[in-house]
Amino acid sequence: MPTQEEIFAKVRSALVDALGVDDEEVTPEATLTGDLGAESIDFLDIIFRLEKSFDVKIPRGELFPENILTDAQYVQDGKVTAAGIAELRRRMPFADLDGFAANPKVQEFGKLFTVKTICSYIAHKLSK
Amino acid sequence: MRWIWIDRFVEFNSRQSARAIKNVSLAEDHLHDHFPGYPVMPNSLITEGLAQTGGLLVGEASNFDEKVILAKIPKAVYHFPAVPGDTLLYTAKIEQLTDTGAMVSATSHVLGRQYPGDTSPSPERLQAEMEIVFAYLRDDQRGRTLFEPKNFVFTMKLLGVFDVGRAADGSKLKEPPGLANLKSTASEGTIGGG
């Protein structure tokens, strides 16, 4: 099991290669889409690099959950419902969802995906 | 017309790697404008050729059930220009293959130039190298699908893949059955990657 520093260093290297950003830009708090400029297709690239770097398989939807924000059951009036939050907690046990749960606007969802979230996901995955 | 930027496959190892040849010729109109008096093979078209080499490799890996599209080129380096008379050897290697797409590494080499009487031809030189990300397009819910990947089987035949191809188990790569049935629907199209 690698240390947190080792995980962060590899995640940073994956993001630098996939997004063409500088090392210094990849801070734990940086958001992928907001601060690092990632677009949807970059997530595929990032997943390829994480899989290779950590020698793990990342099934579709495991790191970046799909079909929640497009499901009427989980979204009402531009906000994720209590059921949606529960579903997110179930699918993303590695993420800190408390901040988002307090103000669950759909447009804030992307901010959940910080460099730290990816590191937590990898640590969660490697500990299994 | 078909948008094909490779001439022939010389090696095809299913799910692993492929090599294709592209001959650069002054008979290609575009070289006369790129640039007037100084013809150079555009690197964008070399990129397209590498994407076609890798795209067909990735398409064949799913037996053309998936629609393979070029999603992203995270990195590309061009070392020197290719010129008329050059033979380019394109190599594509599958680094990762998943249920959502593939990561391919690709290189272009200019083969050594040899002239009559030459006893020591110049060595082959690395002309370009890149990473290419292919994604599977899932557009089944749309009213009309963007393209039919099975049509690429014809392009594969045209480019000699079945002459040199090897399946994953090392046996000779077979043409998919039902090629004739597809023929009528494949009058138009481009090839994967572009």
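What follows is a chat about a predicted model with chains A and B.

Reader: Before we start, how are residues and chains numbered or lettered here?

Author: Residues are numbered from 1 along each chain as its sequence is written, and chains are lettered from A in the order in which they are written. This is a predicted model, where local features need pLDDT of at least 70 and side-chain atom pairs count only at pLDDT 80 or more, while totals for chains, interfaces and linings use all residues.

Reader: OK, chain A. How many helices and strands?

Author: Chain A has five helices and two strands. Those are DSSP runs numbered from the N terminus: helices are H or I with at least four residues, strands are E with at least two. The order from the N terminus is α-α-β-β-α-α-α.

Reader: And how compact is chain A?

Author: Its radius of gyration is 15 Å, close to the 14 Å that the globule rule gives for 128 residues, so chain A is as compact as a globular protein of that length. The radius is taken over C-alpha atoms, and the rule is 2.2 Å times the number of residues to the power 0.38. Along its principal axes, the C-alpha trace of chain A spans about 40 × 30 × 25 Å.

Reader: Which domains does chain A get?

Author: Domain 1 covers 1-61 + 113-128, and domain 2 covers 65-110; such bounds come from an automatic or database domain assignment. The C-alpha centres of these two domains of chain A lie 21 Å apart. Their contact takes nine residues from domain 1 of chain A and six residues from domain 2 of chain A. Contact means C-beta atoms, placed from the backbone, within 7 Å.

Reader: What classes of residue does domain 1 of chain A put on that side?

Author: Two nonpolar, seven polar and no charged residues. Nonpolar covers Ala, Val, Leu, Ile, Met, Phe, Trp, Tyr, Cys and Pro; charged covers Asp, Glu, Lys and Arg; the others, Gly among them, are polar.

Reader: Switching to chain B. What's in there?

Author: Five helices and seven strands, running β-β-α-α-β-β-β-β-α-α-β-α from the N terminus. Of the 194 residues of chain B, 33% count as buried. Buried takes 20 or more other C-beta atoms within 10 Å of a residue's own, exposed takes 12 or fewer, and partly exposed is in between, with C-beta atoms placed from the backbone.

Reader: Tell me about H2 of chain B, then. How many of its residues are buried?

Author: 15 of the 19 residues of H2(B) are buried, so this helix is largely enclosed by the rest of the structure. H2(B) takes in residues 43-61 and reaches 27 Å from its first C-alpha to its last, close to the 27 Å expected at 1.5 Å a residue. The expected span is 1.5 Å times one less than the number of residues. After H2(B) comes B:Asn63, with a positive phi near 55 degrees.

Reader: Which residues touch the most others in the largest nonpolar core?

Author: Among the 63 residues of that core, they are A:Val11, A:Leu15, B:Leu50, B:Val104, B:Ile132, B:Val133 and B:Phe134. Strand S6 of chain B (residues 125-137) brings the largest share, seven residues. A nonpolar core is a set of buried Ala, Val, Leu, Ile, Met, Phe, Trp, Tyr and Cys residues joined through C-beta atoms within 7 Å.

Reader: What does B:Val104 touch?

Author: Leaving out residues up to four places away in sequence, B:Val104 touches several residues, including B:Gly54, B:Val58, B:Ile132 and B:Phe134.

Reader: Last one: how many residues does each chain give to the contact?

Author: Chain B gives 10 residues and chain A gives nine residues. On the chain B side, S3(B) gives the most, with three residues.

How values were computed
Two residues are in contact if their C-beta atoms, placed from the backbone, lie within 7 Å.
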